[in-house]
Amino acid sequence: MTSDPGMKPAFRPAFLDYTVPCDPGTPVRLTVHPPPGTTVAVDDGPAHRHPFTRSVDLAPGRAAELRFVGPRRSRTYRVRCLPGDFPRWRVRRNGTPQADWYLVTPNIGGGGGYGIVFDSHGVPVWWIRTSPAPFGMDLLRNGHFVWTNYVALSPNADRFGERTLDGRLVRTYGVVGGSTNQHDLEFLPNGHALVIAYPHRDGVDLSAYGGPEDATVLDGEIQEVDQQGRLVWSWKTKDHIPLAASERWLRRQIAKPTIRQYDGRPVYDLVHVNSVEPDGRRIVFSARYLEAVYAIDRGTGRVAWKLGGTHTARSLKIEDDPHAAEDFGGQHDARLTGGGRRLTFFDNGTLRDRPPRAVEFALDLKHRRARLLQAVAFPPAFTSHCCGGARLLPGGDWVVSWGDTPWITELSPAGRRVLSIRFVGRYASYRAIPVLPGRLSRAALSRGMDALTRRAANSRTQR
């Protein structure tokens, strides 16, 4: 099977989905050579036993469906039309991925952008374009997607929106009494949501670090909200973490402010919580500007342990890590595995003069130790100033979004490339969420994409 314009990727019997660039009003020509004993039909057209060419009118998001009916089995292939502004990408596959799907939100800052579901061959099967661009796209237990909007360095984002596969908004999640931050949304076993806020605080003396005596700062806050959006529990960094823990990044912000108020005065981000993770009676979170991962006790609010950052009585001793002396560099996406006995995260290496890495630590909380089990790097992603995420799959592979780089990879435990997706241009995806087999079906994604495309077309017609 071939097409004009050319489809991506080139046809292989094992690949069920394809994309093709197209212009409305200019048909796409599909040429098919059926195998012996097989008939092929395009959309609602007649079945063919011999080579044929069929022209189909496609618009962005619409797919031509080809049904192959053979003596032993039948298969359906789809060739879907890409929008003209869809991010360009390149794929390299060197093995068999353990993930079935990858959820990404490539953007270049500002304006509109895409949330995309790639399959394990690096083919986009589902996508949606929104303005502002989607950020932090994830899959919920009920099969819906959830994301918020990209707001760059602003501490204030929109609420997270839960959507069906056809793009319909079901409900939203956000903090109570403030503005929701974009960095993470996680759920407890009881269905309650963990959300993040960066509350402002005025009148903070930063003169010891070269800053103003009457500064406005951003703290970190974690909230638990129930299904009705009511506040159940909250915790604020200002009550438990000293100002000195922020010194390294604070001095950098004072020298070169990155966030400003409406009147132009700078605001200093002390903590920058970028992930939150439930762990029984504890909550584990990553704080980029503290360069540490913390566990807090939900009952007392006290810090139970911390990994990295300034040394305190709660610090875990890092073992077998060659970078232990300088700890981490603006890390992201701290997650627990092995029943809470292991910790993974993406260590950006920011301001450390070293490349990023995905790391896994074994936690020995009784003896207050953390031993590095593995650290995986990807040489093409040689620097990562921000963003990023690393997920360790049950089969041992790593799925990593390499921060503000164009790379998304699945790597073996030895660091060998299984699959890589590289965006062309300045696109980068904050995270890449792997979806394991059995959680999403190709048929459901295709139906959702078809319905989403129809809804978008009807909306344009009504306008």
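Reader: Which residues line the second largest cavity?
Author: In this predicted model, the second largest cavity is lined by Tyr 102, Val 399, Ile 408, Thr 409, Glu 410, Leu 419, Ser 420 and Ile 421. The elements that contribute two or more residues to this lining are strand S35 (407–411) and strand S36 (417–423).

Reader: And what is the volume of that second largest cavity?
Author: The second largest cavity holds about 30 Å³ of space. Its lining residues divide into five nonpolar, two polar and one charged.

Reader: How many cavities of 30 Å³ or more does the structure hold?
Author: There are two cavities of 30 Å³ or more.

Reader: Which residues line the largest cavity?
Author: Its lining consists of Gly 136, Met 137, Asp 138, Val 146, Phe 160, Gln 182, His 183, Asp 184, Leu 185, Glu 186, Arg 431 and Ile 433. S12, strand S16 (180–187) and strand S37 (428–435) are the elements that give two or more residues to it.

Reader: Which element gives the largest share of that lining?
Author: S16 does, with five residues. By type, the lining of the largest cavity has five nonpolar, three polar and four charged residues.

Reader: Let us turn to S12. Why is it described as largely enclosed?
Author: Strand S12 covers residues 134–139, and five of its six residues are buried, so the strand is largely enclosed by the rest of the structure.

Reader: What joins S12 to strand S13?
Author: Four bridges join S12 to S13 (residues 145–149), and the two strands run antiparallel. Leu 139 has Phe 145 in S13 as its bridge partner. S12 and S13 form a hairpin with five residues between them, and Gly 143 in the turn has a positive phi of about 90°.

Reader: Which residues have a positive phi although they are not glycines?
Author: Among them are His 272, with a phi of about 60°, and Glu 291, with a phi of about 50°. Most residues other than glycine have a negative phi. His 272 lies in the loop between strand S23 (266–269) and strand S24 (273–279), while Glu 291 is found in the loop between strand S25 (282–287) and strand S26 (292–297).

Reader: Is His 272 buried or exposed? And Glu 291, buried or exposed?
Author: His 272 has a relative accessibility of 10%, so it counts as buried. Glu 291 is also buried, with a relative accessible area of 5%.

Reader: One last topic: where are the cis peptide bonds?
Author: One runs from Asp 4 to Pro 5, with omega near 5°, and another joins Lys 8 and Pro 9, with omega about 0°. Pro 5 is in the loop between strand S1 (2–4) and strand S2 (17–21), and Pro 9 is also in the loop between S1 and S2.

How values were computed
Residues numbered from 1 in each chain as written. Predicted model: local features only at pLDDT ≥ 70, side-chain atom pairs only at ≥ 80, totals over all residues. Heavy atoms only, no water. Buried < 20%, exposed > 50% of the residue type's maximum accessible area, 1.4 Å probe, protein only. Pairing = 2+ DSSP bridges. 1 Å grid on protein atoms, 1.4 Å probe; cavity = no way out; pocket = protein on both sides within 12 Å on 5 of 7 lines; lining within 4 Å. Points joined across faces, edges and corners; volume = space filled by probe spheres on them. Nonpolar A, V, L, I, M, F, W, Y, C, P; charged D, E, K, R; others polar.
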